[in-house]
Amino acid sequence: MLGKLFKTEFKASGRLYLPLFIGVIFFAVVERIMLEIMENTDDSLVLNIVFGVITVIFVLIIISVCVSGQFISIYRFYKSVFTDEGYLTNTLPVSSSSIIISKLLVGVLYTVFSYLVLMVSGFIMVAGHLLTDALNGLRISFGIENTQISLMDFAISSIVNLRLTLTILAVLIIAALFFNILMFYVAFAIGNMANRKKVLLSIIIYIGIVNVLSFISAGVAVFVDWLTWDNVLMVNVINITLAIILAVIVVIGLVCFFVTNKIIKSKLNLE
Amino acid sequence: MSEILKCTGLTKKYGSLVALNNLDLSVNKGQIIGLLGPNGSGKTTLIKLIAGLLKQNSGELTVNGEKIGINTKKIVSYLPERTYIPDWMRVIDIIKMFENFYEDFNLEKVKTMLDNLGIKFNQRIKAMSKGTKEKLQLILVMSREAQLYLLDEPIAGVDPAARDYILRTIITNYNPEAAVIISTHLIQDIETVLDDVIMIQNGNLKIHKTVDEIREESGKSVDELFREVFRC
């Protein structure tokens, strides 16, 4: 049933994400064409105005995509579990944990898609000679333009040296994607237990959770600082710190999941 | 007749408010039952508990001998008093969803009923009137070959002509091995289709009798008895 829930949610969320994705790619292409035209023609007021308007729209769509990744997932969760649609969702012959997991997976997947789409649009903007210019700019800023090491070689050597760090970092980023969405889920689940102003209460609860987390983060920082780091390589210090952050995120994420599940299972408060 | 629903000492509280108080109830297969009571008597709470949307504070509740859970949701077909079909869907989308999740969903039934009511497969839910949405929901719910149907105010929002169709739909489409529980205030409209009547007040069971028993014992129709019992 998890597969069916995933498929249903993927389709339901897709209709919200797809127009944004198409919009970003479309405006990236238009923006690139405009850049090429501007580069090869004399300065013109009309062209500048058109370029300015397109740039503003493009930036607005990029901002929408940046925030939509998680926002749409949270909206979908709230709408289909806690509003009238909840009468359909919560009476399906599936477990409440399957409902949460399917929505969470789809949310994370579309968030990753959002970042990929942004990367593709960035590539469209700078592809060709603009990309070469950008890389040259990077070389200069890294101060390696006259060395034998190319940017790629530099990147590869770093990856080899910091393989473990990057692995932990990659897992951490993925865990953080799940974690961020789960924090909203639990806030909305708790907020739903109230009889009035559920959304407002949910947002207040979310802010509260974020504040508690900042205290925990400060605690982690103090703990890492307190540990003795004599004779330990810097890269290992980074690895251990990242591992502690990962552990904290996983534990709190699991707590958020179980609390959300418990509330949907036993304390659902539909209008 | 075998038992499809059983409540023993069922109690549900909302904070200090007792919605259902130590309710004992048993429903057999093959019956159409009217669940009646004034506003706030606990009808919807009872239905939500059976549908698995709420959890009781104490007492036992079983459907076909099983506690409420995934297995009971497979055999319970629930029509809430709210319209729950997502607005962005077309009729075909919600039909596919029912087909995907409910093994007992009968596609032929749904096609026939949609045709009878002139609802098209590609119609957008957003563009439908409230009454049409309610009809569509009822069609979906009655198109399942379920063992227990829970219909919460199924005819409240539709015109009298559609009411007749809906009641005919309920009678003709339910499996004789199933039970139908209908909660409504429009007693006169449904009285003719009922086998049993359950009346609850302030979360307590007031009356659980067959319609024939009510007529024989009191000499009154169900509607008249309701007005007498719950006179304000």
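These questions and answers go over a predicted model, its nonpolar core and its contacts.

Me: What makes the set of 94 residues a nonpolar core?
Reply: A nonpolar core is made of buried residues of kinds such as Tyr, Ile, Leu and Val, joined through C-beta atoms within 7 Å. The largest such core here has 94 residues, and those with the most contacts inside it include A:Y185, B:I50, B:L148 and B:V180. Helix α7 (residues 163-192) of chain A gives the largest share, 11 residues.

Me: Why is this core said to lie between domain 1 and domain 2 of chain A?
Reply: Domain 1 (1-127) and domain 2 (162-271) of chain A both give residues to the core, so the core lies between them.

Me: How do you know which residues A:Y185 is in contact with, leaving aside its neighbours within four places in sequence?
Reply: Two residues are in contact if their C-beta atoms lie within 7 Å. By that rule, A:Y185 is in contact with A:F77, A:I100, A:C256 and A:T260.

Me: Which residues and elements make up the contact between the two domains of chain A?
Reply: Domain 1 gives 17 residues and domain 2 gives 16. On the domain 1 side, α2 (45-82), α3 and α4 (96-126) each give two or more residues.

Me: What classes of residue does the domain 1 side of that contact have?
Reply: Asp, Glu, Lys and Arg count as charged. The domain 1 side that touches domain 2 has no charged residues, but 9 nonpolar and 8 polar ones.

How values were computed:
Residues numbered from 1 in each chain as written. Chains lettered and ligands numbered in written order. Predicted model: local features only at pLDDT ≥ 70, side-chain atom pairs only at ≥ 80, totals over all residues. Buried ≥ 20, exposed ≤ 12 C-beta atoms within 10 Å, placed from the backbone. Helix = DSSP H or I, 4+ residues; strand = E, 2+ residues; numbered from the N terminus. Domains from an automatic or database assignment.
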